[in-house]
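The sequence and structure are shown first.

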Amino acid sequence: MASAGILGTGTALPEKVITNFDLEKLVDTSDQWITDRTGIKERRQAAPGETTSSLSVRAAHQALDMAGLKPQDLDLIICSTISPDMPLPSTAALIQRDLGARGCCAFDLAAACSGFLFGMTVADTFIKTAKAKYVLVIGAELLSRYLDYQDRATCVIFGDGVAAGVMGPVVPPSGILAEEMHTEGAYADHLFIPAGGTAKPATCQTVQDREHYIKMRGNELFKVAVRSMEEVSRRVLQEAGVCAEQLDLFIPHQANQRITDAVRDRLGLSPEKVYSNISRIGNTSSASIPICLDECVRSGRIKKGDLILMSAFGAGVTWGAVLMRW
Ligand code: UT7
């Protein structure tokens, strides 16, 4: 059976930077509070007219170029997003159209911040079973379109960004070594958007009540995030028969620097082995891990043969991990 790996990566970030000082002018917060409690200094915000699919197409072209492939080579496009262009059709279908990847299958995957790792896991199964050769996995979020800039608990955390990975068959020992996906719907109300769906269709009242924006019970989520990311990381390491000290790099979902630090401590990893870009990019949900991956690949931080662990946690709640040899 073939092993599945990442052949190319790409990123598309909006140009506009929103600093903590910009947010100080909108809500009762401070650069000091945001920096101390989250590690975030700035995040990106999409311009009017920019969409989840348009940024995805930019990231996809970069990833395909690195992989030496053309859009027509793709068998499947998986777009992980909770901030789609529109409810219907899928953002993946729009990406397929604008990329010119005619004939390939394309669908969206909604697992919030764990979505890119869920997408990698689905792609791995397709590639290993020879149902697809080349799969484009995208983590794409324009969360600014769903943020309440009157709610200091959420608007300081999240940012916009998109990144993509082209996956395909690789020669062992490269490729995915172990992976896990989990969901626990009992915590669904910890991070959600109340209105705009079938449970509460859009009305003037729902808009007036600001129910189309993200609501988050951050403090409760924090604890579940640390526990689940640690546990799932340990399990994939165990499944592959390796220990944390053997890792070359750990890329956690960039939820909050304090979550990253707590998981790192629990896994016993030194700070140099843990990647973080949250100060510059903020929390971009499903785009956070692939943006990190792309930065690491392009800067040479990831080298062939490196053992890399990624783990994530998000709304649902969902959590998962992927362990791979580059
Ligand atoms: O992406 C995956 C899913 N999301 C997460 O995993 C997010 C996880 N949670 C977090 O990152 C953190 O819980 C937050 C950064 C969201 C909040 O930090 P916290 O340390 O858990 O703060 P808290 O919610 O316990 O609030 C502490 C205080 C409260 O004031 P009082 O009640 O003590 O007077 C909040 O109202 O901090 C206040 N607060 C703020 N103050 C200034 C909350 N947000 C802000 C803010 N600026 N932006």
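## Ligand surroundings

A polar contact is a pair of N or O atoms within 3.5 Å. In this predicted model, an oxygen atom of the ligand is 2.8 Å from an N or O atom in the side chain of Arg37, so this pair falls within the 3.5 Å limit for a polar contact. A nitrogen atom of the ligand lies 2.7 Å from a polar side-chain atom of Thr29. At Gly218 the backbone takes part instead, with an N or O atom placed 3.0 Å from a nitrogen atom of the ligand.

In total, 23 residues surround the ligand. The closest of them are Thr29, Arg152, Asn219, Asn256 and Asn283.

The chain is divided into domain 1, residues 3-172, and domain 2, residues 177-325. Their C-alpha centres are 14 Å apart. Contact between the two involves 50 residues of domain 1 and 44 residues of domain 2.

The size of an interface is often given as the accessible area lost when the parts come together. For domain 1 and domain 2, the buried area is about 3,800 Å², and carbon and sulfur atoms give 63% of it. On the side of domain 1, the residues that lose the most area to domain 2 are Cys113, Leu117 and Phe118, which together make up 17% of what that side buries.

## Polar links between the domains

Between domain 1 and domain 2 there are 19 residue pairs in polar contact, both residues being at pLDDT 80 or more. Several elements of domain 1 supply at least two residues each to the side that touches domain 2, among them strand E1 (3-12), helix H3 (52-67), helix H5 (115-128) and strand E7 (160-170). H5 gives the most to this side, with seven residues. By class, the side of domain 1 that touches domain 2 holds 22 nonpolar, 17 polar and eleven charged residues.

A search of the whole structure finds 18 salt bridges, and the count between domain 1 and domain 2 is one. Asp148 forms a salt bridge with Arg210, with the closest N and O atoms 2.8 Å apart. Asp148 is in the loop between E6 and H6, whereas Arg210 is in the loop between helix H7 (204-208) and strand E10 (215-216). The pair thus links distant parts of the chain, 62 residues apart.

## Backbone features

Most residues other than glycine have a negative phi, and most peptide bonds are trans.

Ala112 is not a glycine, yet its phi is positive, at about 50°. This residue lies in the loop between strand E5 (105-109) and H5.

Pro172 and Pro173 are joined by a cis peptide bond with an omega of about 15°; Pro173 is placed in the loop between E7 and strand E8 (175-183). A cis peptide bond also joins Gly316 and Val317, where omega is about -5°. Val317 sits in the loop between strand E12 (307-314) and strand E13 (318-325).

Notes
Residues numbered from 1 in each chain as written. Predicted model: local features only at pLDDT ≥ 70, side-chain atom pairs only at ≥ 80, totals over all residues. Heavy atoms only, no water. Domains from an automatic or database assignment. Contact = heavy atoms within 4.5 Å. Buried area = accessible area lost by both parts, 1.4 Å probe. Salt bridge = Lys/Arg side-chain N within 4 Å of Asp/Glu carboxyl O. Polar contact = N/O pair within 3.5 Å; in protein donor to acceptor, adjacent residues only side chain to side chain. Helix = DSSP H or I, 4+ residues; strand = E, 2+ residues; numbered from the N terminus. Nonpolar A, V, L, I, M, F, W, Y, C, P; charged D, E, K, R; others polar. Near = heavy atom within 4 Å.
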